[in-house]
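Q: I'd like a close look at one part of this model. Pick it apart residue by residue, then tell me what surrounds it.

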Amino acid sequence: MDTSQREKHSVGHKPVPLNVCIIGAEGCGKSTLLAQVLVQTKSVDKGVVAAAEGDAMQVRKGDRKLSWIVDRSREERQSGGSICSHDQWRVHLSNYRALIVDTPGKSRYLKNAITAMQNCDAAILHISAVIGEYENGIGADGSIRDTVLVAFALGVRFLIIAIGKMDDATVAFSKDRYQQVKNSILDYTAKVGYSPGCTAVLPLSGFTGSNVAGCVPSARMPWYKGSTLLQLLDSLPAPHRMVTRPLRVPIQRVYNVQGVGDIAVGRIEAGSVSVQDPLFVPACVWLTGKTRARLSSNGNSRPLSASCSEGDSKPRQPTIKVRSLEIQHATSARAETGELVGIASQSPSLPDGTLRPGMVIGLCDEHAPRLCREFEAQVLILRVPGKRPLRVGSAPVVDIHSAHVACRVSSIILTFDRHTSVILDRNPAYLFPGTSAIVRFTPLAPVTVEPFHKFPALGRFCLREGSTLLGVGVVRDVATVSSSQLFRRGCKKTSS
């Protein structure tokens, strides 16, 4: 990403939100780099830094004094790496209010890494320059290739490649080693689809802080004349926001606060929301149907305020209104696209615990989100589970926005050459690694899916079985369920 040719953006005097994830192979130093960023920008309390250093020295692991600022749980410290991706760290730059998340590098936590990348505008790909570590990570059994491919498939369009551990004794801030790793990784990112204008590369050391912050590059690498990591982040082009589209907020987490109720946390992917806005959550209608059927079976005929006629264009459901909004621990009357927002809702008809991660919030109007009955998608198969090819009837897990839902392959329409778009086969029986295909999926649990051309963030997905990445894809078309059908389906499912 050439600084002189980088797209300029006008953000005035008010920094705008920027969501960033740090990705990379296991053990490459992602947590250490993030901790160094927090320390140098004074984004973390000195007491937290001192406590982490004391804990590391107590168990004679002084090299973990920085990473333990970020890896705070017992499981993370014992395993030596990040596990969850819920902690988002605030870093204030000149142009952006950055939220940075550290993604796990271990394959067993692939689901957490995918969830984190779904919500990001840019990624820092941290690569170890240590001889042997980079080669293992980029090799056939490494995770760098899959990580870069998933980031691109999930819409992370700007990639800052940080070649780290330059302070290691086998590297010794060597320009030759930096150029070797740089040429190799840029060759692969170009094959994935990242153009030179969307990538930047720099050498750094997360442990010593070289080239992480400041206005000039580190004196330890006089041969590097580029920008530091935070300078590159602050000069990224402004992300494109879907401000004119209907509201869509995939729920990432739900907190139950005594006296307040459920607080749903998620990033606004499209539209905006204000206090007292009426909300529509289609999965809540399905759960309401289940609740009504359960009450009826128990002899309790108490009505629930959820109804909708076939001709209604505006869905009806148990009343949900926005009680308050919170952005970065500050209350707000309105939240715009791109913000990570906490929505405290009020509903006399719905019990606490009804809102759940993976649900999608919209406004209660004619553009409200719907649950998906079936969707058609374009997929690229990377590998198959075990020795079994994907076929009609297979049910891989689909990771789409914040949802993780098993979806049955209902039909394989065709396969095609992804380079020329020439159709190779119609209605094939199986899908093998390297195949591009048009496939129809049927979700096995309630989920909201949107066509990629309408809501890109809700139309990109990964296919997974356990900790194995099977493929990536985009949604072409969706068959939805009306709210009246949805309500009756919930009743029928429970009564059966």
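Which residues point one way from S3, which point the other way, and are they buried or exposed?

A: Quick housekeeping: this is a predicted model, in which local features need pLDDT of at least 70 and side-chain atom pairs count only at pLDDT 80 or more, while totals for chains, interfaces and linings use all residues. Residues are numbered from 1 along each chain as its sequence is written, and side-chain values use heavy atoms, with hydrogens and water left out.

Now to your strand. Tyr 96, Ala 98, Ile 100 and Asp 102 point one way from S3, whereas Arg 97, Leu 99 and Val 101 point the other way. Every one of them is buried, meaning under 20% relative accessible area with a 1.4 Å probe and protein chains only (over 50% would be exposed, and in between partly exposed). With seven of its seven residues buried, S3 is largely enclosed by the rest of the structure.

Strands here are DSSP runs of E with at least two residues, helices are runs of H or I with at least four, and both are numbered from the N terminus.

On one side, S3 (residues 96-102) pairs with S2 in the antiparallel sense over five bridges; two strands pair if DSSP finds at least two bridges between them. A hairpin of three residues joins S2 to S3. His 92 has Arg 97 of S3 as its bridge partner, and Gln 88 stands opposite Val 101. S3 also pairs with S1 (residues 16-23), this time in the parallel sense over seven bridges. There, Val 20 has Ile 100 as its bridge partner.

Zooming out, the chain has eleven helices and 25 strands, and 53% of its 496 residues count as buried. Of the contacts in the chain with a separation of 6 or more, 73% come from residues 24 or more positions apart, a contact being heavy atoms within 4.5 Å.

Two helix residues are worth a stop as well. Gln 118, in helix H5 (residues 110-118), counts as buried at 4% relative accessibility. Its side chain reaches the backbone oxygen of Asp 399 at 3.3 Å. Leaving aside neighbours within four places in sequence, Gln 118 is in contact with several residues, including Leu 154, Glu 269, His 401 and Arg 460.

Gly 137 sits in helix H6 (residues 133-138) and is buried, with a relative accessible area of 7%. Not counting residues up to four places away in sequence, Gly 137 touches Gly 142, Ser 143, Ile 144 and Arg 145. Gly 137 and Gly 27 are 110 residues apart in sequence and 9.8 Å apart in space, C-alpha to C-alpha.

Definitions and conventions. Polar contact = N/O pair within 3.5 Å; in protein donor to acceptor, adjacent residues only side chain to side chain.
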